[in-house]
Amino acid sequence: MIKHKYLTLLMVVFMMSDIMAQLQSHYEDYQYSPFERYVYQPGSNLHTSVRQYRLDELNKVFNTDSVLYDGLRVPSGELNFWKRIFHDDLIQLKKDDIRIVINPLFNFEYGKENVEGKTTYTNTRGLFIEGNIGKHVHFYTDFIETQAVVPNYIDAFANEYDIMPGWGKRKNYAENGHDFANVTAYVAFDLAKYFSLQVGNGKHFFGDGHRSMLLSDVAFSYPYVKLTADFWKIEYTVLYNKMLQYDETKVPNDYRFPGKYGVFQYLDLNIGKRASLGLFASVVYAEQDTTGYRGFDWHYLNPVAFMRPVEYALGSPDNVTLGFNARYIAARWLTFYGQFVLGEFKADEVFGGTQWWANKNGFQLGLKTFDLFGIKKLDLQAEYNQARPYLYSHYTSIYANSHYRQPLAHILGANFREGFALLKYRHRRWMFKAELMTAMYGEDYGDGVSWGKNVIVDSNNRPTDENGRYIEYGHYIGQGLRTNVYNADINISYLINPRNMFNLVAGARLRKLTNDEQIEETQHFYFGVRTSIKSIYNNF
């Protein structure tokens with residue numbers, strides 16, 4: 001494990017060098033992301049599947065400030081404090097080559113869940129600070145605290161797993177509410193012309209879709225070190241992550257949760273002016289295993305080593321995942337994309353059609369259209385995802401591709417098929433969004449047997465025959481408690497300040513889950529005043 005004193009010394013050395021800071025976009029919310037429709041253009045040479053985007057790279061292709069404001073009228077002259085709330089950064093401190101920006105984050109939402117007759121509300125307060133110190137370092141940090149009463153299905157998830165989806169650990173608040181918080185922070189700088197380093201606590205996303213089958217931002221934030229090499233038409237990223245295995249038995253006591261590490265490699269190559277291919281590999285392993293305390297395994301430190309041969313040479317039980325991402329910009333208004341992920345492969349079993357339990361694979365197919373039907377700023381995204389049972393899981397739960405009891409890739413885990421569509425339209429400050437997610441998956445029955453959806457359940461808990469032997473063949477998507485769910489959200493909002501996506505919103509979320517054991521319906525109507533830069537997924 002890299003000790004804090006060595007990491008601090010390393011950072012000081014780099015900060016004393018003649019390096020240039022890298023600015024990273026903090027606009028994560030998929031409804032309000034201002035740059036997406038501009039990066040999918042032929043010849044841009046942008047690495048669209050590595051998020052969040054670097055603003056210095058975007059500014060080589062287009063003016064990010066112009067895109068952010070998109071023709072909105074801003075009062076001329078020096079803005080006072082009141083006008084800054086509605087038109088610009090709230091606080092800007094500039095002196096010589098030092099710049100610090102401070103903006104508020106908030107979400108004051110009120111709603112009604114009609115099925116249970118429950119009043120919902122969200123009370124979120126926070127702020128983000130970003131800036132540069134000379135040419136050497138760029139930093140970002142935000143803190144958000146929330147008390148909320150949420151719709152029934154989110155409430156059920158929070159109570160079952162003792163975490164808020166995407167946020168992390170929760171505690172009870174008032175009669176039926178939840179109290180939770182989140183911190184994101186990083187410091188970033190370039191080591192040389194082609195190399196950069198980022199150290200922080202946050203999330204990452206590899207892919208061009210709404211979901212990612214490789215690594216997504218649905219789970220709680222985690223500490224990381226990120227190395228990036230960007231040259232010619234290649235961007236190569238290596239992430240070293242520290243994650244936690246949430247343990248309910250340790251919550252009342254002052255104990256650390258069991259830890260685990262992840263190393264994620266992603267190489268993205270732009271081919272010509274329209275295509276790109278990304279190669280992905282990851283390994284997840286426990287901080288402590290049956291051989292004792294392991295800590296950070298230095299065998300995985302080499303950023304250019306292939307994970308599978310290293311893992312095999314160690315004779316380890318580590319969880320290795322491989323995959324790729326592909327994208328093709330067919331026209332200025334149309335982009336196709338897809339992913340394939342592989343947890344285990346045995347050719348004779350895959351092509352034998354026996355539905356072997358360890359055929360762990362999944363894929364994604366999708367498209368994005370801009371200015372649909374010739375209507376300016378009417379955009380549509382459509383996507384299909386599926387994963388076979390037991391993908392991302394392991395025979396020891398701490399080795400699963402998970403953090404804080406949530407998957408690191410797709411929000412549904414595994415053993416599912418999902419369709420997703422997102423329609424967005426913007427006219428000046430008005431924004432309209434309609435999204436629909438529909439899925440079929442096989443849920444566990446709650447008797448300790450894993451049917452392959454929940455990635456944090458040991459795959460050794462899979463079904464057995466009458467003789468107590470594991471069932472090796474005949475495993476299919478939807479096995480277990482077959483469950484169907486649709487989740488639709490429609491809203492309209494009025495954008496006030498693009499700097500922190502300050503907006504007024506009103507909308508409705510309709511959801512229905514059905515299986516042989518229950519029918520769960522949600523009819524949630526809401527309105528609020530909020531800033532929308534965080535990507536939190538309630539479409540599950």
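Predicted model: local features only at pLDDT ≥ 70, side-chain atom pairs only at ≥ 80, totals over all residues.
Student: Where do I start, and how many helices and strands does the chain have?

Tutor: Start with the overall build. The secondary structure comes to eight helices and 27 strands. The radius of gyration is 23 Å, close to the 24 Å that the globule rule gives for 540 residues, so the chain is as compact as a globular protein of that length. Taken along the principal axes, the C-alpha atoms fill a box of roughly 80 × 55 × 55 Å.

Student: What share of the residues counts as buried?

Tutor: Of the 540 residues, 57% count as buried. The accessible surface comes to about 24,000 Å², and 59% of that surface belongs to carbon and sulfur atoms. Contacts can be read by their separation in sequence. Among those between residues at least 6 apart, 64% join residues at least 24 apart.

Student: Which residues touch the most other members of the largest nonpolar core?

Tutor: The general idea comes before the case. In soluble globular proteins, nonpolar side chains tend to be buried together. Here the largest nonpolar core has 78 residues, and Leu58, Phe206, Leu215, Phe264 and Leu412 touch the most other members. Helix α6, residues 152-161, gives the most to this core, with five residues. A second, separate core has 20 residues, including Val137, Tyr240, Phe296 and Ile398.

Student: What does leucine 58 touch, leaving aside residues up to four places away in sequence?

Tutor: With those set aside, leucine 58 touches Phe35, Val39, Leu46, Tyr53 and Thr64.

Student: Is isoleucine 490 buried, exposed or partly exposed?

Tutor: Isoleucine 490, in strand β25, has a relative accessible area of 46%. Exposed means over 50% and buried under 20%, so isoleucine 490 is partly exposed. For contrast, take aspartate 348 in helix α8, residues 347-350. Its relative accessibility is 54%, so aspartate 348 counts as exposed.

Student: How should I read salt bridges, and how many are there?

Tutor: The count comes to 26 salt bridges. Aspartate 190 and arginine 54 meet through their side chains at 3.8 Å, N to O. Aspartate 190 lies in strand β8 and arginine 54 in the loop between β1 and α3, so the pair ties together parts that are 136 residues apart in sequence. Both aspartate 190 and arginine 54 are buried.

Student: Where do arginine 211 and glutamate 418 lie?

Tutor: Arginine 211 is in the loop between β10 and β11, while glutamate 418 is in strand β23, 207 residues apart. The closest N and O atoms of their salt bridge are 2.7 Å apart. Arginine 211 and glutamate 418 are both buried.

Student: Which parts does the bridge between glutamate 287 and lysine 242 tie together?

Tutor: Their side chains meet at 3.4 Å, N to O. Glutamate 287 lies in the loop between β14 and β15 and lysine 242 in strand β12, so the pair ties together parts 45 residues apart in sequence. Glutamate 287 counts as buried at 14% relative accessibility, whereas lysine 242, at 22%, is partly exposed.

Student: Which residues are linked in a network of salt bridges?

Tutor: Asp65, Arg84, Asp88 and Arg499 are linked in such a network.

Student: What should I look for in the backbone, and which residues does the cis peptide bond join?

Tutor: Look at the backbone angles. The cis peptide bond joins arginine 51 and glutamine 52, with omega about 5 degrees. Glutamine 52 is in the loop between β1 and α3. Next, check phi. Lysine 377 is not a glycine, yet its phi is positive, about 70 degrees. Lysine 377 lies in the loop between β19 and β20 and, at 15% relative accessibility, counts as buried. Arginine 405 also has a positive phi, near 70 degrees, and its place is in the loop between β21 and β22.

Note on methods: Residues numbered from 1 in each chain as written. Heavy atoms only, no water. Core = buried A, V, L, I, M, F, W, Y, C linked by side-chain atoms within 4.5 Å. Buried < 20%, exposed > 50% of the residue type's maximum accessible area, 1.4 Å probe, protein only. Helix = DSSP H or I, 4+ residues; strand = E, 2+ residues; numbered from the N terminus. Contact = heavy atoms within 4.5 Å. Salt bridge = Lys/Arg side-chain N within 4 Å of Asp/Glu carboxyl O. Rg over C-alpha atoms; globule rule 2.2 N^0.38 Å. Areas by Shrake-Rupley, 256 points an atom, 1.4 Å probe, with all protein chains shown as cover.
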